[in-house]
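I wanted a first look at this structure. These are my notes on what I looked up.

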Amino acid sequence: EKIGAPSGAIKHTDEITGEKTVLELPLKDHKAGLDQVIKLLLDSEKGRVKSRADIRAVGHRVVHGGESFTQATIITKDVKAAIEKA
């Protein structure tokens, strides 16, 4: 959250234990944010991933889906076009 702002945040919920982690730190850009997410995923105590090589895909949430997208949606060409139009 708040990438580019003086105080950013990464929020993570462990889907096995339900434990929530919030890291508040400056995130100057998306690369810095993703680097911190990977660091959290690989963390020896909180992480669930043993190696960067185990990460095969990354998802991204579109926050402003407007009236068209009010729940999780697979991104297709039509969805991209609707987002660009909005």
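I am working from a predicted model, where local features need pLDDT of at least 70, side-chain atom pairs count only at pLDDT 80 or more, and totals for chains, interfaces and linings use all residues. Residues are numbered from 1 along each chain as its sequence is written, and side-chain values use heavy atoms, leaving out hydrogens and water.

**Salt bridges.** I took a salt bridge as a side-chain nitrogen of Lys or Arg within 4 Å of a carboxyl oxygen of Asp or Glu. The structure holds 4 of them. I looked up R48 and found a salt bridge with D14, the closest N and O atoms being 2.9 Å apart. R48 sits in the loop between α1 (30-42) and α2 (77-85) and D14 in the loop between β1 (8-13) and β2, so this pair ties together parts 34 residues apart in sequence. Helices (H or I, at least four residues) and strands (E, at least two) are DSSP runs, numbered from the N terminus.

Next I checked exposure: buried is under 20% relative accessible area, exposed over 50%, partly exposed in between (1.4 Å probe, protein chains only). D14 is buried at 8%, while R48 is partly exposed at 49%.

I then found K46 and E19 joined by a salt bridge, 3.1 Å from N to O. This pair ties together parts 27 residues apart in sequence.

**Strand residue.** T21 lies in strand β2 (residues 20-25). T21 is buried, at 8%. I listed its contacts (heavy atoms within 4.5 Å). Not counting residues up to four places away in sequence, T21 touches I10, K11, H12, L40 and K46.
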